[in-house]
Amino acid sequence: MSLPRTPKPFRAGTHRLVPPEQTLARAQRLMPVLGITRLANVTGLDTLGLPVVMVTRPNARSLSVAQGKGLTLTAAKVSGLMEAIESYHAEHITLPLKLATHQQLRFSHRLVDVAALPRCAPGGFHEHLRTLWVEGRSLFDGGSRWLPYELVHTDFTLPLPPGSGCFMMSSSGLASGNHLTEALSHGLCELLERDATTLWWLRGREEKLRTRVALESVEDPACREVLERYERAGVAVTLWDVTSDTGVAAFRCAIAPGELDPQRPLGPMGGLGCHPAREIALLRALTEAAQSRLTLISGARDDMFSQRLEPAALRQRLRQFHEHREAAGPRRRFSEVPTHESDTFEGDVEWVLERLRAVGLGEAVGVDLSKPELGVPVVRVMVPGLEVLHELPGYTPGARARAVLAAREEAGA
């Protein structure tokens, strides 16, 4: 995946190759081909005023509704459409596959480190299990790497392929863009975001409190605009710096009303964000929180936690949110969070790979899922050793999570 240097001409709230208007025009032309029947603006269902859309694909093989958010309605439409487009690609993979055991392939093919891949509990993977494999490319040396197909596709229709049920199936690391390297950068950041969030979540309460970010220290204009919109709507915000040992900026944002409204029962909602540039990482977390809230309001997803709709559970969650937000103790300044910015997408990818190598993660694989007839770069990225979200059903802590838990136990937290 060695490509010429790709600059970042568009830098308003995010880094892209072209303005969102250009991406939107191209993506909208693909809607009938991909089975997208509706691009709906649901912003007005909430009081925040932050643009959010939902994109409907009735015949999807995973989620039939994708969400999008942004500082403008156009940016939100692009966000939602590109999410739907990348899901379509992962549901309809036409790459060559191999049905074989690990034992059969390991002498003739370069395989990823299977021991470091996110397992599903209870998983039944073993050396002699016949399962499907797909070829990717190492982001470090460009060489061939074969990895379990289960970690690449998002076709969740039954029956699942042979050997399924061993690894964590999710959309983590699935990304699209205006350029393949733009997509690679996004996919890597999403994996780092999930890893950082899980490691942060496993820390003790006092350690988490010390990662809160002082809202008044945020000086980025775009982030300030979103914070002010929350304030005007009477919605409280808490931010945490969840950046892991990789040093790639990552944030968790939680928003909640001051008290429970019986006519509009909404509890705390969250958002995550990760990017080499800290202001983009924070903006992603801030806007994703608004998207999560509108997803619940609109009823677009059946997998939202049902207990959020129970008044007693909502009151308890609200109480915990405000206690944590108002707890005494120092708060980090936004300027203390590490940041990095390069002039090209390749520069971002190379820097992130350096950060992975610095913490002992020397393998990263990209599977190019792009379809030439559609003309949208889509990639699935996998970094063996990074943690997946702890919330996923069947999550089994990997080596990095076990190290955090061991340190916490040793400290008595």
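Q: How many helices and strands does the chain have?
A: This predicted model has eleven helices and twelve strands.

Q: Turning to helix H7, what span should it have, and what is found?
A: Helix H7 covers residues 221-232, and at 1.5 Å a residue its twelve residues should span 16 Å. Its end C-alpha atoms are 16 Å apart, which agrees.

Q: Which residues of H7 are buried?
A: They are Ala222, Cys223, Val226, Leu227, Arg229 and Tyr230. Seen down the axis of H7, these buried residues fall within an arc of 155°, so they line one face of the helix.

Q: What covers them?
A: The cover includes strand E8 (235-241), strand E9 (250-257) and helix H8 (278-298).

Q: Which exposed residues are on the face turned away?
A: Pro221, Glu231 and Arg232 are the exposed residues there. Just after H7, Gly234 takes a positive phi of about 70°.

Q: Which residue forms a salt bridge with Arg224?
A: Arg224 pairs with Glu228, their closest N and O atoms being 4.0 Å apart. The two are four residues apart in helix H7, so about one helical turn separates them. Arg224 is partly exposed at 25% relative accessibility, and Glu228 is partly exposed at 36%.

Q: How many salt bridges does the structure hold?
A: It holds 23 salt bridges. One of them joins the side chains of Glu341 and Arg11, at 2.6 Å from N to O.

Q: Where do Glu341 and Arg11 sit in the chain?
A: Glu341 is in the loop between helix H9 (311-326) and helix H10 (345-358), while Arg11 is in the segment before helix H1 (20-29). The pair links distant parts of the chain, 330 residues apart.

Q: Is Glu341 buried, exposed or partly exposed, and what about Arg11?
A: Glu341 is partly exposed, with a relative accessible area of 43%. Arg11 also counts as partly exposed, at 35% relative accessibility.

Note on methods. Residues are numbered from 1 along each chain as its sequence is written. This is a predicted model: local features need pLDDT of at least 70, side-chain atom pairs count only at pLDDT 80 or more; totals for chains, interfaces and linings use all residues. Side-chain values use heavy atoms; hydrogens and water are left out. The expected span of a helix is 1.5 Å times one less than its number of residues. Buried means under 20% relative accessible area, exposed over 50%, partly exposed in between (1.4 Å probe, protein chains only). The arc is that of the directions from the helix axis to the C-beta atoms. Contact means heavy atoms within 4.5 Å.
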